[in-house]
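Please open the model in your viewer and keep the selection panel at hand.

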Amino acid sequence: MDKLPVSLIIDDPAPRVFVYYEHAEKRTTEDGRPLLNEVPNQFLLDFCNVAERFGLRGKFSVVPVPGGRGDIVNGIPGFPLEEIREWLDIVRTRVACRFSLCPEMLTHARAVDLASGALLAMNENAWARTQTAATLTPYIARALSLLRQAGLPATGVTSPWDFGIEVEDEYVKAISAAFYQVYGLKDCWYFLRARRGVPNALPWVALNRDGRRVVSVPATAADHFWQSMNTTDTSPEYVSSIADELITEDGTAGEIPDIIAGGGWPILIAHWQSLFSNGLGTGLKALAEVARRIEKNLGERAQWMSSEEIMKLVLEDPERYPAPAFK
Ligand SMILES: [Zn+2]
C-alpha cells in the first residue's frame with residue numbers, strides 16, 4: 001500500500017425524514033430547543049459541495065424505510081414524491097461516485113414484520129438480539145432490494161445502533177447471503193463496530209468461506225461533530241474547537257494523529273444529525289475544517305477511500321487483517 005487510507009462513515013441519512021427525530025429519546029436538544037423533524041434537500045447539496053471540494057470518500061447510509069413512515073421506492077407520506085426522487089437523484093449522481101452506499105436496515109426505528117409490513121413494538125436493535133442468519137437474511141435482503149429498486153448500488157450494510165452485535169456471526173452470514181441474493185455479489189462490507197484508542201485500528205475479514213467474503217469496516221475515531229446539535233454557537237472558534245478534537249491546525253494533536261501513530265487507519269464517523277446540527281449546519285462546517293487540515297497536514301501521504309475501496313484493499317491480502325478479539 002502506497003498511501004494511508006482515510007475514510008468517512010456517514011450514518012443515518014434518508015430523504016427528507018430526519019431519522020434521528022424518529023428514534024431520539026427526547027425531542028429537544030440539550031439546550032432545550034425542539035428537534036427539527038425534517039431535513040431539506042438543500043442540506044444534501046451542501047454536504048456534496050464539501051465532499052467534492054475536499055475529495056472526501058467513505059460510506060453513506062440511506063435508511064430505506066425511514067422511521068417506518070414510508071419507503072424510498074413508493075414514497076413517504078407527508079413529503080412530495082418529487083422531493084424524495086430529487087434527493088435520491090443527488091445521491092446517485094453526486095454521492096455514489098465517492099461514498100459506498102448502504103442501507104442502515106429498514107427503519108432505524110421499530111422493527112418491521114416482513115410478512116405484513118406492520119411495525120413491531122420493539123426497535124430494530126432489540127429485535128436483532130434474538131435472531132439467526134435464517135431470519136436476518138430476508139430482513140437485510142428487503143433493505144437491499146429497496147435500494148436496488150431505487151437505483152442505488154449498495155456494496156455493504158450499516159447496523160442501526162448496534163444491530164446484530166449479540167449474534168454477530170449469524171449477522172455476518174446473513175449479510176453475505178442477502179448480498180448474494182439481491183446483487184449477486186460475493187464480497188461485501190459492513191459497519192457495526194468501533195475501534196477507538198487501540199493500536200492497529202484496522203478493518204478485518206469477518207467471513208471468508210466458500211468464495212464469499214465479508215469485511216468489517218470499523219470507525220476508528222469518535223463522532224466529535226455530535227456536540228454541535230446541542231448549541232447555537234456557530235462561531236469560527238467553536239467550529240475550530242470541534243476540529244481540534246480530530247486534528248489541530250498544525251496536525252500534531254488530536255485523534256487522527258493518535259490513530260496514525262498507533263499504526264491504524266483514520267476511519268472517521270459523522271451522523272446526518274451531527275452534521276445538520278438541528279438546522280445550523282455547524283457540524284458540516286467542522287467537517288470541512290477537518291478535511292482542510294487533513295489535506296494541509298497529511299497531503300500526499302493520505303488517500304481518501306470509500307468503504308468498498310477499503311474492502312478491496314483488505315481482500316488483496318486477507319491474512320494481514322485478522323478479526324480482533326472482543327470481550
Ligand atoms: Zn445510525
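Begin by selecting residues 41-54, helix H2, in this predicted model: its 14 residues reach 21 Å from the first C-alpha to the last, close to the 20 Å expected at 1.5 Å a residue. Now show the side chains of Leu44, Phe47 and Ala51, which are the buried residues of H2; they lie on the same side of the helix because they cover an arc of only 60° around its axis. On the other side of H2 you will find Gln42, Glu52 and Arg53, which are exposed. Just after H2, select Gly55, whose phi is positive at about 70°.

Next, turn to the largest nonpolar core, a set of 95 residues in which Ile140, Leu147, Ile175 and Leu287 have the most contacts. Helix H5 (residues 133-149) gives the most to this core, with eight residues. If you centre the view on Ile175, its contacts beyond four places in sequence are Ile140, Val157, Cys188, Tyr190 and Val214.

Finally, select the open sheet of four strands, ordered S6-S7-S9-S8 with mixed pairing, in which the edge strands are S6 (156-158) and S8 (204-209). Strand S7 (residues 187-191) runs parallel to strand S9 (residues 212-216), and four bridges join them; here Asp187 stands opposite Arg213 in S9.

How values were computed
Residues numbered from 1 in each chain as written. Predicted model: local features only at pLDDT ≥ 70, side-chain atom pairs only at ≥ 80, totals over all residues. Helix = DSSP H or I, 4+ residues; strand = E, 2+ residues; numbered from the N terminus. Expected span 1.5 Å × (residues − 1). Buried ≥ 20, exposed ≤ 12 C-beta atoms within 10 Å, placed from the backbone. Arc of directions from axis to C-beta. Core = buried A, V, L, I, M, F, W, Y, C linked by C-beta atoms within 7 Å. Contact = placed C-beta atoms within 7 Å. Pairing = 2+ DSSP bridges.
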